[in-house]
Amino acid sequence: MKKIIAFAGSNNSTSINHALVSYLASTIENCDVTVLRLTDYPLPIYGQDIEDNEGFPTALLSLVELIKQADGVMISVNEHNGSISAFFKNIIDWLSRVDGRYLSSAKVLLLSTSEGARGGQTALGYLTDFYTRKKVDIISSIAFPSFSENFDLKDGKITNQQQAKIMQDAVALLIASL
C-alpha cells in the first residue's frame, strides 16, 4: 500500500493550512495516509554551531525518516508577510542539512491557503521555486483562496464546489502518480 504524508508548514494550533491538508488527506482511499503536525517535532532555530556541537536533533531524524518513507507528500504552506513562515523555513533548513534529498523518492503536492483572494500564492510560489531547484517531483502546486468563504471549519470540509473539484483533482493526480 502506498504511503502518503501530509502536513502544514504552520505552527499555529488553529492553522487553516492544517485544516485544508487534513481534510484532503481524509478523502484519500487505498493509501496509508498520515497527517503530521510539525510542532510535534520541536527544533531549535538552525545554526551551524548547533549542528556542529550538538548534531542533529532526534526529532529531526524521526521527521526525515517519515518523509523519506513516503511515496507521496502533501504540504500546505502558510504565508507570513509575503513569504513562508519562519517556523517552516527553519524546518526546511534542518531537513536539508540532514539529507538534502529528503523528498527525492516522493511525488509532492504543494498547497497553500489564506483568508485572502490569492490564497497564499506568494509563499506557494517561493516553495514551488525552492523545491523545483532541488529537483523535487512536484505533481501540482495549487492555492486555495479565501479560506473562510470556501471551507467550513465546523464541518471540516470544502464548501465551494468549484474549489472542491480543483483540490480533489490535484489529490487524484498525486495518487495516480504514485
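**A chat about the sheet and its neighbours**

Colleague: Hi! What order do the five strands of the open sheet come in?

Modeller: Hello! In this predicted model, the five strands of the open sheet follow the order E2-E1-E3-E6-E7, and their pairing is parallel.

Colleague: Which ones are the edge strands?

Modeller: Those are E2, covering 32–36, and E7, and each of them pairs on one side only.

Colleague: And by how much are neighbouring strands turned against each other?

Modeller: On average by 15°, with direction ignored.

Colleague: Let's look at E6. How many bridges does E6 make with E3?

Modeller: Six, and E3 (residues 72–77) pairs with E6 in the parallel sense. As one example, you can find Gly72 opposite Lys107 of E6.

Colleague: What about E6 and E7, then? How many bridges there?

Modeller: Seven bridges link E6 with E7 (residues 137–144), and these two strands also run parallel. Lys107 turns up here too, standing opposite Asp137 in E7. Further along, Leu110 has Ser141 of E7 as its bridge partner.

Colleague: Is E6 enclosed by the rest of the structure or out in the open, and why?

Modeller: E6 is largely enclosed, because six of its seven residues are buried.

Colleague: Pick one residue there for me. Where is Ser112 found?

Modeller: Ser112 belongs to strand E6, which spans residues 107–113.

Colleague: Why does Ser112 count as buried?

Modeller: Because its relative accessible area is 0%, and the cut-off for buried is under 20%.

Colleague: What does the side chain of Ser112 reach?

Modeller: Its side chain reaches the backbone oxygen of Gly120, at 3.3 Å. Leaving aside neighbours within four places in sequence, Ser112 has a list of contacts that includes Asn17, Leu20, Ser76, Val77, Gly120, Leu124, Ile142 and Phe144.

Colleague: Changing topic: which strands does helix H5 touch?

Modeller: H5 packs on the sheet and touches E3, E6 and E7. The direction of H5 makes about 175° with that of E7.

Colleague: And which strands does H7 lie across?

Modeller: H7, residues 161–177, lies across E1 (3–8), E3, E6 and E7. The helix runs at about 170° to E7.

Colleague: How are two packed helices described?

Modeller: By the distance between their axes and the angle between those axes. For H4 (residues 86–98) and H5 (residues 121–133), the axes come within 13 Å and cross at roughly 5°. H4 and H5 are therefore roughly parallel to each other, since that description applies to angles under 35 degrees.

Colleague: Which residues of H4 and H5 meet?

Modeller: On the H4 side, Phe88, Lys89 and Ile92; on the H5 side, Tyr126, Leu127, Phe130 and Tyr131. By type, the residues of this contact are six nonpolar, one charged and no polar.

Colleague: One more topic: the loops. What is phi like at Asn81?

Modeller: Phi of Asn81 is positive, about 50°, although the residue is not a glycine. You'll find Asn81 in the loop between E4 (79–80) and E5 (83–84).

Colleague: Is Asn81 exposed or buried?

Modeller: Asn81 is exposed, because its relative accessibility is 84% and the cut-off is over 50%.

Colleague: And where does Ser146 lie?

Modeller: Ser146 lies in the loop between E7 and helix H6 (147–150). Here phi is near 45°, again a positive value in a residue other than glycine. Ser146 is buried, with a relative accessible area of 12%.

Colleague: Great, thanks for the tour!

How values were computed:
Residues are numbered from 1 along each chain as its sequence is written. This is a predicted model: local features need pLDDT of at least 70, side-chain atom pairs count only at pLDDT 80 or more; totals for chains, interfaces and linings use all residues. Side-chain values use heavy atoms; hydrogens and water are left out. Helices (H or I, at least four residues) and strands (E, at least two) are DSSP runs, numbered from the N terminus. Buried means under 20% relative accessible area, exposed over 50%, partly exposed in between (1.4 Å probe, protein chains only). A polar contact is a pair of N or O atoms within 3.5 Å; within protein, one must be able to donate a hydrogen and the other to accept it, and residues adjacent in sequence count only if both atoms are side-chain atoms. Contact means heavy atoms within 4.5 Å. Axes are lines fitted to C-alpha atoms, for helices over the stretch in contact, and angles run from 0 to 180 degrees between N-to-C directions. Angles under 35 degrees count as roughly parallel, over 145 as roughly antiparallel, 65 to 115 as roughly perpendicular and the rest as oblique. Ala, Val, Leu, Ile, Met, Phe, Trp, Tyr, Cys and Pro count as nonpolar, Asp, Glu, Lys and Arg as charged, and the others, Gly among them, as polar. Two strands pair if DSSP finds at least two bridges between them.
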